[in-house]
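I'll start with the overall build and then go down to single residues.

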Amino acid sequence: MSSRPIITINRLDAERLQRLIDNASDKDMPVAEALEIELERGEVIEPQDIPEDVVSMNSQVQFTDLNRGKQLTRTLVYPHALAGTEDGLSVMAPIGAALLGLRIGDIIDWTLPDGHDTKLRIDAILWQPERAGQFHR
C-alpha cells in the first residue's frame with residue numbers, strides 16, 4: 001500500500017465505527033483492523049463541519065476501480081443497513097472501508113483480504129447526509 005490520502009471522519013461516524021470494530025466477528029477482523037488504522041490516522045471533526053467533498057457514512061459515492069477501469073456508484077452504509085439499501089456497500093467490506101473519509105479526486109491504494117491490491121479514485125459524491133443537513137443519520 002503506497003498511497004493513503006488524508007481522511008476526514010465525522011465524530012458520530014467514528015464513534016459508531018469504533019463500536020463495530022470492537023464487536024467484529026473473526027470473519028470481519030481483517031477489515032475491522034484496517035478500518036481501525038484508518039480511524040486512528042483520520043482527522044475526526046464534528047458532523048456539521050464535514051466538507052461537502054468528503055465521503056461520510058450514508059454518502060452515495062461515484063468512484064472508479066482504476067485496476068479494472070470500472071466506475072461504480074455505491075452508498076456507504078453500516079452493515080445493518082445493507083439489506084435496505086439498493087446500491088449499498090458496507091463499511092465493513094474492504095472497498096467500503098477504503099472509501100471512508102476520502103475527498104473527491106483522492107486516489108487510494110488498498111490491499112484486499114486476498115492479498116491483491118486495488119486502486120480507487122473518488123469521482124463524485126452524489127449525496128451526503130451532512131450536506132443535506134442530516135447530521136445524526
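Predicted model: local features only at pLDDT ≥ 70, side-chain atom pairs only at ≥ 80, totals over all residues.

**Overall build.** I counted the secondary structure of the protein chain first: three helices and seven strands. Helices (H or I, at least four residues) and strands (E, at least two) are DSSP runs, numbered from the N terminus. Along the sequence I read the pattern β-α-α-β-β-β-β-α-β-β. The radius of gyration, taken over C-alpha atoms, is 14 Å, close to the 14 Å from the globule rule for 137 residues, so the chain is as compact as a globular protein of that length. That rule is 2.2 Å times the number of residues to the power 0.38.

Residues are numbered from 1 along each chain as its sequence is written, and side-chain values use heavy atoms, with hydrogens and water left out.

**Core.** I checked burial next: 44% of the 137 residues count as buried, meaning under 20% relative accessible area with a 1.4 Å probe, protein chains only. The largest nonpolar core has 31 residues. Such a core is a set of buried Ala, Val, Leu, Ile, Met, Phe, Trp, Tyr and Cys residues joined through side-chain atoms within 4.5 Å. Leu17, Leu35, Phe63, Leu99 and Leu100 have the most contacts inside it. Elements giving two or more residues to this core include α1 (11–22), α2 (29–41) and β3 (60–65). I followed up Phe63, whose contacts (heavy atoms within 4.5 Å) include Leu72, Leu89, Ile95, Leu99 and Ile122, leaving aside residues up to four places away in sequence.

**Strands.** Which way do β3 and β4 run? They are antiparallel, joined by six bridges; strands pair if DSSP finds at least two bridges between them. Gln60 stands opposite Thr75 in β4. The two strands form a hairpin with four residues between them, and Gly69 in the turn has a positive phi of about 65°. β3 also pairs with β7 in the antiparallel sense over six bridges, with Gln62 opposite Ala124.

**Ser90.** My last stop was Ser90, in strand β5 (residues 88–90). Is Ser90 buried or exposed? Ser90 is buried, because its relative accessible area is 8%. Among the residues that Ser90 touches are Leu76, Val77, Gly96 and Ala97. The Ser90 side chain also reaches the backbone nitrogen of Met92 at 2.9 Å.

Note on methods:
Buried < 20%, exposed > 50% of the residue type's maximum accessible area, 1.4 Å probe, protein only. Polar contact = N/O pair within 3.5 Å; in protein donor to acceptor, adjacent residues only side chain to side chain.
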